[in-house]
Amino acid sequence: MATSFNHVVAMPYPARGHINPMMNLCKLLASNNNNILVTFVVTEEWLSFISSEPKPDNIIFRSIPNVIPSELTRSRDHPAFIEAVMTKMEEPFDELLNLLEHPPSIIVHDTILYWVVGVGNRKNIPVASFWPTSASIFSIFLHQHLLEQNGHSLLKFSEKGDERVNYIPGVSSTRLAELPSFQNKRMKQMLLKGFEWFHKAQCLLFTSIYELESQAIDTLKSKLSIPIYTIGHTIPYISLKYNPKLYTDNSYFEWLDSQPIGSVLYIAQGSFFSASSEQIDEIASALCESNIRFLWIARNEASRLKQICGNMGLVLEWCDQLRVLSHSSIGGFWSHCGWNSTKESVISGVPFLTFPIVFDQPFNSKMIVEDWKVGLRVKENVKENVLVKKSEIVKLVCEFMDLDSELTKGIRERSRKLKKVCCDAIGDGGSADIDLKAFIGDIVMHSPHA
């Protein structure tokens with residue numbers, strides 16, 4: 001390590017869907033500038049989960065005490081978990097900064113963790129606000145007052161779910177039911193607190209590509225006074241670039257290698273929220289009857305579902321998702337539409353069957369189907385708890401996985417074009433590459449050694 005370096009402290013929100021993109025950003029920073037040292041801060045419990053994952057030598061882990069009870073980390077009591085994150089993490093993080101051997105050049109924090117901005121300002125440390133979902137979702141939250149003025153709300157939508165909203169700047173017409181919503185007022189208040197603080201940061205980072213959300217990003221740049229950097233997908237594509245054959249020991253890749261090009265439907269419903277058991281059983285029965293090839297990631301239920309799905313595919317508890325999506329045998333992705341999964345499929349050129357569940361996922365599905373036109377909805381009905389029956393699923397997946405289907409020819413062609421747009425953006429001189437390097441320039445400028 002060079003004697004003079006730029007020290008980035010990263011403070012992610014303590015959940016897998018937030019930690020992963022923050023870590024991938026840090027890997028991008030570390031790989032683009034050898035003089036950047038990253039201190040990645042997590043709770044002791046999360047350190048036990050991720051400490052063995054591969055990372056560059058210039059990224060180090062530091063932990064704060066488990067101020068969040070272990071049972072909340074894995075429970076469905078989401079409001080109580082958020083309350084603990086918002087009220088109990090600030091003090092140990094503040095104390096950790098006092099103990100660091102090298103003064104931070106900048107703190108990169110998850111926008112939701114609004115209190116980091118206050119800590120940085122008190123200590124005269126620059127802060128970069130890292131938004132881990134889409135720029136369009138950011139615009140929706142920023143303009144929530146317009147929803148209220150029009151008699152709408154970000155609390156649970158009911159019978160007006162099919163009603164369309166077309167007044168949010170930078171966001172195309174969308175159904176009310178596809179806007180993100182909160183369980184209650186307290187949860188909404190806590191999660192949107194960051195929108196009272198982000199403007200006190202030195203810059204705002206979007207984990208997107210300009211070309212995918214140009215309207216939303218242009219709108220935000222025109223309205224906000226701080227610099228905005230659209231830094232790319234923050235997914236682990238670096239590992240694909242440098243280790244293209246890293247997967248050779250995984251038996252499921254041997255199975256993928258033996259399948260025809262574009263013949264396998266990849267199914268993954270996320271790592272936390274999931275569809276109902278009844279819906280999962282309908283999907284499993286449909287796969288058995290459809291006779292299509294599939295690879296299904298079903299945490300905690302793999303052994304049970306194997307008995308239902310038949311012998312045309314694999315049911316696993318985990319896989320290396322980006323490598324799977326990049327495999328030539330994958331012809332489609334049945335996805336919950338989490339933002340990280342959405343970005344991975346788009347950059348792999350794989351079309352979607354969208355099956356969103358919560359929060360930003362319905363809106364991501366809307367962008368996939370209506371804006372980018374690279375997928376189909378499994379469920380058109382916007383009402384909650386509508387069971388999609390086996391017969392409907394069989395018909396849809398058979399047509400979707402038919403490479404000669406008129407229904408999906410255009411979708412597949414647009415998926416290939418969107419892949420090229422993304423690859424060009426992260427390549428040398430692309431929009432994401434330029435913004436990432438500009439942000440690194442900011443880090444260097446804020447360094448105590450500059």
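## Terms and basis

A residue is called buried when its relative accessible area is under 20%, exposed when it is over 50%, and partly exposed in between, using a 1.4 Å probe and protein chains only. Ser136 is buried by this rule, with a relative accessible area of 5%.

The model is predicted: local features need pLDDT of at least 70, side-chain atom pairs count only at pLDDT 80 or more, and totals for chains, interfaces and linings use all residues. Residues are numbered from 1 along each chain as its sequence is written, and side-chain values use heavy atoms, with hydrogens and water left out.

## The chain as a whole

The chain has 450 residues, of which 56% count as buried. Its secondary structure comes to 20 helices and 15 strands. Helices (H or I, at least four residues) and strands (E, at least two) are DSSP runs numbered from the N terminus.

Contact means heavy atoms within 4.5 Å. Among the contacts in the chain with a separation of 6 or more, 67% are between residues 24 or more positions apart.

## Strand 2 and helix 5

Strand 2 (36–43) has 8 of its 8 residues buried, so it is largely enclosed by the rest of the structure. In a regular strand the side chains alternate between the two faces of the sheet. On one side of strand 2 the buried residues are Ile36, Val38, Phe40 and Val42, and on the other Leu37, Thr39, Val41 and Thr43. Strand 1 runs parallel to strand 2 and is joined to it by 5 bridges; two strands pair if DSSP finds at least two bridges between them. Ala10 stands opposite Phe40 of strand 2.

Helix 5 (residues 90–99) has the buried residues Pro92, Phe93, Asp94, Leu96 and Leu97. Their cover includes strand 1 (6–11), strand 2, strand 3 (59–64), strand 4 (106–110), helix 4 (78–88) and helix 6 (115–122).

An open sheet is formed by 6 strands in the order 12-11-10-13-14-15, with parallel pairing. Strand 12 (313–316) and strand 15 (375–377) stand at the edges with a single partner strand each, so one side of each has no neighbour in the sheet. On average, neighbouring strands of this sheet are turned by 15° against each other, direction ignored. Strand 13 (residues 330–335) and strand 14 (residues 352–354) run parallel and are joined by 3 bridges. Phe333 stands opposite Phe352 in strand 14.

Helix 17 (residues 361–371) lies across strand 14 and strand 15 and runs at about 120° to strand 15. Helix 18 (residues 390–400) also packs on the sheet, where it touches strand 10 (264–268), strand 13, strand 14 and strand 15. The direction of helix 18 makes about 145° with that of strand 13. Axes are lines fitted to C-alpha atoms, for helices over the stretch in contact, and angles run from 0 to 180 degrees between N-to-C directions.

The axes of helix 16 (residues 339–348) and helix 19 (residues 406–426) come within 6 Å and cross at roughly 100°. That makes helix 16 roughly perpendicular to helix 19, where angles of 65 to 115 degrees count as roughly perpendicular, under 35 as roughly parallel, over 145 as roughly antiparallel and the rest as oblique.

Val346, Ile347 and Ser348 of helix 16 meet Leu418, Lys419, Cys422, Cys423 and Ile426 of helix 19. By class, this contact has 6 nonpolar, 1 polar and 1 charged residues. Ala, Val, Leu, Ile, Met, Phe, Trp, Tyr, Cys and Pro count as nonpolar, Asp, Glu, Lys and Arg as charged, and the others, Gly among them, as polar.

## Nonpolar cores

A nonpolar core is a set of buried Ala, Val, Leu, Ile, Met, Phe, Trp, Tyr and Cys residues joined through side-chain atoms within 4.5 Å. The largest has 87 residues, and Phe93 and Tyr266 touch the most other members. Helix 7 (residues 135–142) gives the most to this core, with 5 residues. Not counting residues up to four places away in sequence, the residues that Tyr266 touches include Leu295, Ile297, Phe333 and Trp334. A second, separate core has 30 residues, including Cys26, Ile59, Val108 and Phe439.

## Individual residues

Ser136 lies in helix 7. Leaving out residues up to four places away in sequence, Ser136 touches Val171, Glu213, Ala216, Phe363 and Met367. The C-alpha atoms of Ser136 and Asp360 are separated by 9.9 Å, although these residues are 224 residues apart along the chain.

Cys337 is in the loop between strand 13 and helix 16. Its phi is near 70°, a positive value in a residue other than glycine, and Cys337 counts as buried at 0% relative accessibility. Phe359, in the loop between strand 14 and helix 17, has a phi near 50°, also positive in a residue other than glycine. At 31% relative accessibility, Phe359 counts as partly exposed.
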